[in-house]
Amino acid sequence: MATADPNFIHLSSPQKENGVSESPGQLDAGALFVLKSRGSWLHSGYHLTTSIVGPVIFSFPFALSLLGWAPGLLITTLQALITFYSYNLLSVILDHHAQLGKRQLRFRDMTRDILGPRWGKYFVGPLQIAICYGAVIGCILLGGQSLKFIYLLYNPSGKMQLYQFITIFGTVPLFLAQIPSFHSLRHINLASLLLVLAYSACIVAGSIHIGNSRNAPNKDYSIKGSKENSIVGAINGISIIATTYGCGIIPEIQATIAPPVKGKMFKGLCVCFGVIVSTYFSVAISGYWAFGNQSQPSILSNFMDENRPLLPSWFLLLTNIFTLMQLVTITVIYLQPTNEVFEKWFANPKMDQFSARNVMPRLILRSLSVIIGTTLAAMFPFFGDIMALFGAFGVIPLDFILPMVLYNLTFKPSRQSIVFWANTLIAVASSALVAMGALASVRQIILDAKTYNLFANV
């Protein structure tokens, strides 16, 4: 005799008000309160842009310096096409299940329904939480470093330590983390999109100015180092480019769209990739043109010559302020998966979202989440090296391997079709990239290990 799935029963009226009336599932508090389905395709574009585009683009000139002009631009273009294709595949799968009356709101829900419950519970769920929370720690660390940069710009002999700036930065997401739902971030994420365009324009303008100035560095576009180091550098460059396109929360973003959802995510992706094309390529090309193989892991470092700014201080201040503000928005958007889990475990979906019963655990747990993330960022200022390893093992599988596998299992394209073999090729190539990226990350950790100290002032 068939048994009823407790996760899929008739919706109550509060759930219908949240825009998920076409799904037959009983929503838990995490889906009901955090993943409210009230947004438009334009809002999804804001969320996508904030989750993908960030200060990581400052490393693009460095990635090109490891690869050279032609390979670097080719890989950047190819990765953009693969990423758009991969994210659209996820959206198509989600649309398909929504039309069947079983809308999936989370990555682990997709994996559970297609691959089985263990994949969602023991692999995708924990992996996604680890990647997203790692991104939170990384953003808080970058925010502290950006604050320190501004401080030293105007006070070169200042004595304040990095952990103090990290703590100061962490107080902002501590308050913004209390914003109740993902959908509530739509206006903040619109501001994030505008900030990305602003600081990208600053980087491009600064690079062109320095490249044409009397103090312009020699423009050498050859690959530095021995043959062995060049190969490792090329692998590292490919890994950097691949992970800058990472997201990890595509299903959760699509969950914020009001039904019917079909085709809306594609429009949101077009908005996002319009921003990606205009920022990634402009920063990469202008930065590499100006600094060649002297490009640093962050192009902001190239704007300083032995602690002497090559650009007006007000210009560097403005660029860093734009960056700081956008880092806050990225921190908050990557808190959403942990917020959703907290609500699922500790909130009562039968009571009002803003009742004392639900507000108190939300306030405590979200605050603790940010406080712990800030503490870890201050303790491990070398977290970027660790995050690169997590990126290889987490971002690439979630964003470039699983979508191909899930699509082939859901729609079962013919083995003689281009779609089947294209998906298989991307999955296999991405798997190889995981291995190569992991090796490059471990090598970098070993090289940098001598500088690792708790609460180091780097």
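**Figure 1. The loop that holds Lys412.** Lys412 is situated in the loop between α17 (383-411) and α18 (418-448); helices here are DSSP runs of H or I with at least four residues, numbered from the N terminus. The phi of Lys412 is positive, about 45°, although Lys412 is not a glycine. Most residues other than glycine have a negative phi, and most peptide bonds are trans. Lys412 counts as exposed because its relative accessibility is 63%; buried means under 20% relative accessible area, exposed over 50%, and partly exposed in between (1.4 Å probe, protein chains only). The model is predicted, with local features requiring pLDDT of at least 70 and side-chain atom pairs counted only at pLDDT 80 or more, while totals for chains, interfaces and linings use all residues. Residues are numbered from 1 along each chain as its sequence is written, and side-chain values use heavy atoms, with hydrogens and water left out.

**Figure 2. Confidence along the chain.** The mean pLDDT of the protein is 88, and 92% of the residues score at least 70; pLDDT is the predictor's confidence in each residue, from 0 to 100. Residues 1-25 have a pLDDT below 50, and this stretch makes 50 contacts in the model beyond near neighbours in sequence, a contact being heavy atoms within 4.5 Å. Where pLDDT is low, the predicted coordinates should not be read in detail.

**Figure 3. The cis peptide bond at Pro259 and Pro260.** Pro259 and Pro260 are joined by a cis peptide bond, with omega about -5°. Pro260 belongs to the loop between α11 (250-255) and α12 (264-291).

Figure 4. The structure contains 9 salt bridges, each defined as a side-chain nitrogen of Lys or Arg within 4 Å of a carboxyl oxygen of Asp or Glu. Side chains of opposite charge can pair when their charged atoms come close. Arg112 forms a salt bridge with Asp109 at 3.5 Å, N to O. Both Arg112 and Asp109 lie in helix α6 (residues 107-115), 3 residues apart, about one turn of the helix. An α-helix has 3.6 residues a turn, so residues three or four places apart point the same way. Arg112 is partly exposed because its relative accessibility is 25%, whereas Asp109, at 7% relative accessibility, is buried. A salt bridge also links Arg112 to Asp113, with the closest N and O atoms 2.9 Å apart. Asp113 has a relative accessible area of 26% and is therefore partly exposed.

Figure 5. The side chains of Glu343 and Arg362 form a salt bridge at 2.7 Å, N to O. This pair connects distant parts of the chain, with Glu343 in helix α15 (residues 336-346) and Arg362 in helix α16, 19 residues apart. Glu343 and Arg362 are both buried.

Figure 6. Phe107, Arg108, Asp109, Met110, Thr111 and Ile114 are the buried residues of α6. Lys121 is part of helix α7 (residues 117-154) and counts as exposed because its relative accessibility is 58%. Lys121 and Thr111 are 10 residues apart along the chain, and their C-alpha atoms are separated by 8.8 Å.

Figure 7. Helix α5 (residues 69-99) has 31 residues and should span 45 Å at 1.5 Å a residue, which agrees with the 45 Å between its end C-alpha atoms; the expected span is 1.5 Å times one less than the number of residues. Gly101, with a positive phi near 85°, follows α5. Leu73 is a residue of helix α5 and is partly exposed because its relative accessible area is 25%. Apart from neighbours within four places in sequence, Leu73 contacts Leu64, Gly68, Phe281 and Ile285.

Figure 8. Met360, Leu363, Ile364, Leu368 and Ile372 form a nonpolar patch on the surface, and together they have about 440 Å² of accessible area. Patches are made of residues with over 30% relative accessible area and no salt bridge, with like charges joined within 9 Å and nonpolar side chains (Val, Leu, Ile, Met, Phe, Trp, Tyr) within 5 Å. Accessible areas come from the Shrake-Rupley method with a 1.4 Å probe, and for residues only the protein chains shown count as cover. Met360 lies in helix α16 (residues 356-379) and is partly exposed because its relative accessibility is 44%. Leu368 is 295 residues from Leu73 in sequence and 42 Å from Leu73 in space, C-alpha to C-alpha.

Methods: Helices (H or I, at least four residues) and strands (E, at least two) are DSSP runs, numbered from the N terminus.
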